[in-house]
Amino acid sequence: MKQSKICVIVVDGQSARFFDLPGRGKRLIELENLALSAELVNPPADVQGTTHSSVGHSQHRMAPRTGPDKSQDGFAAKVARYLDDNADLALFEELILIASPQMMGLLRDRLSASVQGRLQEQIDKNFGGLPVEKISDAVQEHLYP
């Protein structure tokens, strides 16, 4: 019996890493060419802006204009779009999605029916900064207790 191709995706607020799961008891293989990263929405400025006073020649610094940071929301949409675009291209037959709880909520709202049908597991954990070995151990422990 042929084993399904299982892709593990680890998403945090700034990056998405893809792994191939060869099977029970085997280490994850990172697919580095598929990694995604979020764009910086409100990049920090070097210095505050200045403005002239309405009367006279004096100047004063302005507080930076910052709206709500929607970078995680936009990144979740980017990841969902990527998964949807690649769902039928043999990238994965089954998907294990690991994301921080906030990102998992954003992703669930955006995943297409095609991708949701391939979800084997959803793990609400933030494994974004962990090395491959620790992610591999956690996935094996979760899937095969």
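**Entry 1: terms and ground rules**

I take buried to mean under 20% relative accessible area, exposed to mean over 50%, and partly exposed to mean in between, with a 1.4 Å probe and protein chains only. The model is a predicted one, so I note that local features need pLDDT of at least 70, side-chain atom pairs count only at pLDDT 80 or more, and totals for chains, interfaces and linings use all residues. Residues are numbered from 1 along each chain as its sequence is written, and side-chain values use heavy atoms, with hydrogens and water left out.

**Entry 2: the whole protein**

I looked up the secondary structure and found 4 helices and 8 strands. Helices (H or I, at least four residues) and strands (E, at least two) are DSSP runs, numbered from the N terminus. Read from the N terminus on, the order is β-β-β-β-β-β-α-β-α-α-β-α.

I noted that the protein has 145 residues, of which 37% count as buried. Its accessible surface is about 9,100 Å², and carbon and sulfur atoms hold 49% of that. These areas come from the Shrake-Rupley method with a 1.4 Å probe; for residues, only the protein chains shown count as cover.

I then checked contacts, meaning heavy atoms within 4.5 Å. Among contacts with a separation of 6 or more, 62% are between residues 24 or more positions apart.

**Entry 3: salt bridges**

I counted a salt bridge where a side-chain nitrogen of Lys or Arg lies within 4 Å of a carboxyl oxygen of Asp or Glu. By this rule I get 4 salt bridges. I wrote down three of them, including the one between Arg17 and Glu30, whose closest N and O atoms are 3.0 Å apart. This pair links distant parts of the chain, since Arg17 sits in strand S2 (residues 15-21) and Glu30 in strand S3 (residues 29-30), 13 residues apart. Arg17 is buried at a relative accessible area of 13%, whereas Glu30 is partly exposed at 24%.

Next I looked at Arg27, which forms a salt bridge with Asp137 at 2.4 Å between the closest N and O atoms. Here the distant parts that are linked are the loop between S2 and S3, which holds Arg27, and helix H4 (residues 132-143), which holds Asp137, 110 residues apart. Arg27 is partly exposed at 46% relative accessibility, and Asp137 is partly exposed at 39%.

I also found Asp124 and Arg108 joined by a salt bridge of 3.4 Å, N to O. Asp124 belongs to strand S8 (residues 119-124) and Arg108 to helix H2, 16 residues apart. Asp124 has a relative accessible area of 38% and is partly exposed; Arg108, at 37%, is partly exposed.

Which residues of H2 are buried? I list Met103, Met104, Leu106 and Leu107. Seen down the axis of H2, they fall within an arc of 165 degrees, so they line one face of the helix. The arc is that of the directions from the helix axis to the C-beta atoms. An α-helix has 3.6 residues a turn, so residues three or four places apart point the same way.

On the face of H2 turned away from the buried side I found the exposed residues Pro101, Gln102 and Asp109. The cover over the buried residues of H2 includes strand S1 (6-11), helix H1 (71-86), S7 and S8.

I ended at Ser100, in the loop between strand S7 (94-99) and helix H2 (101-110). Is Ser100 buried or exposed? Ser100 is buried, with a relative accessible area of 11%. Apart from neighbours within four places in sequence, Ser100 is in contact with Val11, Lys125 and Asn126.
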